[in-house]
Every structure is written in C-alpha cells, then in structure tokens.
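Here is a friendly briefing to read alongside the sequence and the coordinates. Have both open as you go through the points.

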Amino acid sequence: MIEIKDVHFTYPTGVEALKGVSLSIRNGEFVAVMGQNGAGKTTLVKQFNGLLKPTKGDVLVDGVNTRDISVAQLARKVGFVFQNPDHQLFSETVEEEVAFALKNFGFKQDTIERRITWALNLLNLTEYRKTSPFMLSGGERKRVALASVLAWNPKVVILDEPTIGQDHRQKETLRQFIVQLNAQGKTVVIVTHDVEFVAECNPRVVLMTQGQIVADGEAKRILTNPNIALKASIVSPQITQIFQGLTDLGLPTDVIDVSEAKKILIEYLEEERGKR
Amino acid sequence: MSVFEGFRFRHVSSPIHRLDPRVKFLFVLVMFVAAVLFYELLPLLVLFFIPVPFVLVAGVQRQWLRSLRGAMFLAVFLLVFNLVFGFLSPGTIPWGMSPIEYASAMFLRFLVLVESFSIFFLTTSPDHLSLALEQSHVPYEFTFAFTTAVRFVPVLAEEAQTIMDAQKARGLELERGNFMKRVRNYIPILIPLIVSAIRRSLELAEAMESRAWGAAKKRTNLYVLKLRRGDATLIIMSIILLAMALYVRNFVSPLPTITSLLPK
C-alpha cells in the first residue's frame, strides 16, 4: 500500500529530519510510529499523503509516486487527521465541517448527506449535527475532525497524536474504534508517544530516533526490549516494568497486555499455593 | 508572504543598525511626510533613491528588494486604478498632468512609503524598538502589546502553514478556480487561524497574569538609549530633507514634468 524507499528529507531551514528511511506498509496493517520528540515521526507520515515530498528517495502510494500527484488527489486514498483539531475546524455547523472534504472531492449531494449521517453516527456525534464545532469540548472537536476525514472512507487513515488531551474513557473508546476500523480492513497508521496506548492496541511498531528507523516489528517484542527502549528513549509499559522487576520469580519479561498479565499472575499464584 | 520577509529583522551589526530607533523613526516620518507632500513624478523619484545608500550601508539589500517585490502587487493595482480613473475622469487629477505621469507618481509614492518602513524594520530589533517606545514615554502596556504582536508574526506564519496542510489533506486546492473562487479558498485557512490566534492570546494573558505581570508600578531598563554622533547627523539630515521638501512644495511651482525634461 505504502512503499518508502530510502527517503531523505531536509526542511528548508536546513534541519535534516529523515536520514534514509525505508518502510513498507501492507494493505490492512495497523502501524504505530513511535519515538521521542523531533525523531521525525510527523515528517515521515506527512510523506504518506504528499504534504512533504522527499528530498531524495521515493514514496509510492498504491504504486503511484507522490511526486507525480497532488495532495488533494492523494488525500482521497490517504486520510490524515491532524493533532490539533483547531487547525482545521472552520464551519458553522458540524455537518458542514464533515461535508467540506466531501464537496472538495466532488461527491454528489445525496451521497454527501448519506456519508455525513454515517460518519456522525460512527463517532457518536449525531446530536451535534447542527451545532457549531467551536461550541464543543476538546475531545468532541477531535472526534469531529476524525469524522470529517473518515467520511470519505479513505483506504489509509493516519492519526497524528490521537490520544493527546483525551481522558481515559475517551482513549479507550478511541482504541476500540481504531481496532474496529482496522478489523474492517482499513490501513491505520498512528503517530504517538503513548506507550500504554500502543501496548493495549498491540500493533506493528515502527520506532524512530534522529530521523532513522531503529526498530520495526511486533509491539510486544519492541516495547519489552530494554536495549531498544533505551536507544529511542521510550519507557516500557508499566505492566512490563513490573514483570521485568519480578524476573527472579521466573515470570516472563515480555508482557505488555493487562489481561495476559493477570492470567500469568493467577497461574503463578495458584502454582505457589499448590506447592505449600 | 514575501512582503513580510521584507519586514523581518535579522541580527546583524552595521552603522545603520546601531542608530537610535527613535532617530530612525524620525527619518522614516520625514520620508513619509515628503512622499505625501508631492504628487509629481520628479520629486518622488528623488525621494525613492534617498534610502538606497542606507540600505547598502546596512547590507540588507536582498531583504529590502524582496519587500519591494512583495509590495509590487498592490503598487501595480494602484497604478492601473489611477490610470483608469485618470482617463475616465481627467478632472480628478491635478491640472496640467498627464494621467500616465500621475499614475506613475502614485505608484512610486507607495513604493517610497514601503521602502522607508521596510528599512526601518529591517535594521531595528524588536527589543530596541520597545526600548525606544518605552523611553519615549509610551505606556508599557502599549509597548508590550506592540512587541508581542511583532514577535508572534513568525509563530502565526508557521501556524498558517499547518492549517494549510490540514485543509489540503482534506482535498482543498488553493490554486483552483477563478479569482473569486481562489479568494474563497482562503476562508478555511483564515477562520482557524483567527480562532487559534484569539485562543492563544487569551492563554498568553492568563500565563502573564499568573506570573504577576504589571505588579511593579515603575519599570526600569537594563539598557538606556543615548544619542550618539551618528544619530545627530541623521537628525540634521532629516531636518534638511523636511525643510527642502517644504520649500520646494511651497515656493517652486510649477514643478517640471518628466515629459518636459526628456529630450524632444
């Protein structure tokens, strides 16, 4: 779906944000791009929909080089939800906000109506259809931004820092929503710092530091590897930290999931009780 | 955006940069008054070239030219507008002038205004400027508002870029359609920009108040502006320029037109 071949990118200010990145994302994959601030995460995903074009190397989306196609054309396939919803909301009503992209892509009026209803329903926003997006709370504004992208049903959805400014319940809703989207066959890419969130989703993790990919693979393998974590200055999930502190009890160290941890602990405790 | 580039200060040192901002402002003011006094092409042409040596000494010619280029759109608009009205209703232009000469003079007057303000902002740091305002007894609240506005221009420019990206990612094509459509294309950019600027200013105000802004009734400064020899020279030059402009305006009349000076 997305093919990145030895991409270098330097900003006009002279900052070299990507130094030879190669990556291949298959159709229907769920990828989390992680790494510390300034590692080049956002710069990388902005290559996916052509907002930034590589200074060297190529980015192919569905076989088409991003250099040969406009952002608007690429956006039809690759939806990008920005970190701050306030950078895109401008309409008088939520409904019009969601219709904006659909109109840009030239959908027919009755299709637009149908898509709005569908997207608002999907994100639990139906009651705000005629409300001004500026009257909504932060979390709701974020959902409107998400609805406005999902409405045109892009093949790939990129979410830049989706968990920032969301309370725990909203995060959980978001997580279920993303997993569900992915289960329906959509390619999902999230950019995030939130280790706990990633641990719960268990996607493929692409870890970046200083403009390069330092690790790529299963979340379980990467988030529990202390060497990799140190190199990219991320902290393992709390559950993993507990298990890594309990190695002398003979417990595994690569646990990131709470329910898995519960199962292992119960088994261990029952075994201990049996011995006594 | 290139017109803003021509007003953005960069830290360099030159005799012009070191001049007292108040004196520089006086000079700009004199240029301004002189430009408004004349509607004839010849004096405006002279005025246009007066700041050139300053630009060269300060070494800011690249940015200065860029600001002129940025102003060109509006300047050409003025030229065309004045030409059209000059030919349609000749009564609106001063007696004895050809519409072409009058329109060119208005074009040049605008450029004179832009160039003198541009050189002022190019060679005066925002800190220096606020110092000048403060020591000219402008209330600190106003000074602060002014310098904050200047300082936030690059921040806003960056934000505008992000907003443009966000809307492009939703299929907005800025360069599509006729003129009116293109203007309307900017609405999805301007509204989020204004909204977030207002939000940002409220946040800034709260952050400042929680750090006891305005608690001290009397403020002192680490640096105090003092007039030096260069400043005195520029003051004298400004006064001479103003006096000459007033003299020519009131006692030399009529001023020769360019066409009468050209060899037949």
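This is a predicted model: local features need pLDDT of at least 70, side-chain atom pairs count only at pLDDT 80 or more; totals for chains, interfaces and linings use all residues.

Residues are numbered from 1 along each chain as its sequence is written, while chains are lettered from A and ligands numbered from 1 in the order in which they are written. Helices (H or I, at least four residues) and strands (E, at least two) are DSSP runs, numbered from the N terminus.

**Domains of chain A**

- Chain A is divided into domain 1 (1-77 + 155-229), domain 2 (79-153) and domain 3 (237-276); such bounds come from an automatic or database domain assignment.
- Eight residues from domain 1 of chain A and seven residues from domain 3 of chain A make up their contact, where two residues are in contact if their C-beta atoms, placed from the backbone, lie within 7 Å.
- On the domain 1 side of that contact, helix 7 (195-201) and helix 8 (219-223) of chain A are the elements that give two or more residues.
- The residues on that side of domain 1 of chain A are four nonpolar, two polar and two charged; Ala, Val, Leu, Ile, Met, Phe, Trp, Tyr, Cys and Pro count as nonpolar, Asp, Glu, Lys and Arg as charged, and the others, Gly among them, as polar.

**The six-stranded sheet of chain A**

- Six strands of chain A form an open sheet in the order 6-7-8-3-9-10, with mixed pairing; two strands pair if DSSP finds at least two bridges between them.
- Strand 6 (78-81) and strand 10 of chain A are at the edges and have a single partner strand each, so one side of each is left without a neighbour in the sheet.
- From one strand to the next, the twist averages 15 degrees; angles run from 0 to 180 degrees between N-to-C directions, and axes are lines fitted to C-alpha atoms, for helices over the stretch in contact.
- Strand 7 (residues 156-160) and strand 8 (residues 187-191) of chain A run parallel and are joined by five bridges, with Ile158(A) partnered by Val189(A) in strand 8 of chain A.
- Strand 3 (residues 30-35) of chain A runs parallel to strand 9 of chain A, again with five bridges, and Val33(A) has Val206(A) as its bridge partner.
- Strand 9 and strand 10 (residues 212-218) of chain A run antiparallel with six bridges, and they form a hairpin with two residues between them, where Gln210(A) in the turn has a positive phi of about 45 degrees.
- Five of the six residues of strand 9 (residues 204-209) of chain A are buried, that is, 20 or more other C-beta atoms, placed from the backbone, lie within 10 Å of the residue's own.

**Helix 1 of chain A**

- Helix 1 of chain A lies across strand 3, strand 6, strand 7, strand 8 and strand 9 of chain A, at about 155 degrees to strand 8 of chain A.
- Seven of the eight residues of helix 1 (residues 41-48) of chain A are buried, among them Leu44(A), Val45(A) and Phe48(A).
- Gly50(A), with a positive phi near 80 degrees, follows helix 1 of chain A.

**The four-stranded sheet of chain A**

- A second topic is the open sheet of four strands in the order 2-1-4-5 (chain A), with antiparallel pairing.
- Its edge strands are strand 2 (16-25) and strand 5 (64-65) of chain A.

- Chain B has 13 helices and zero strands.
- Helix 3 (residues 21-37) and helix 7 (residues 99-123) of chain B pack at about 180 degrees, with axes 10 Å apart.
- That makes these two helices of chain B roughly antiparallel, a label for angles over 145 degrees, with under 35 as roughly parallel, 65 to 115 as roughly perpendicular and the rest as oblique.
- The residues of this helix contact in chain B are nine nonpolar, one polar and two charged.
- Between the chains, 17 residues of chain B are in contact with 19 residues of chain A.
- Helix 9 (140-168) and helix 11 (187-209) of chain B each supply at least two residues of the chain B side.

Note on methods
A residue is buried if 20 or more other C-beta atoms lie within 10 Å of its own, exposed if 12 or fewer, and partly exposed in between; C-beta atoms are placed from the backbone.
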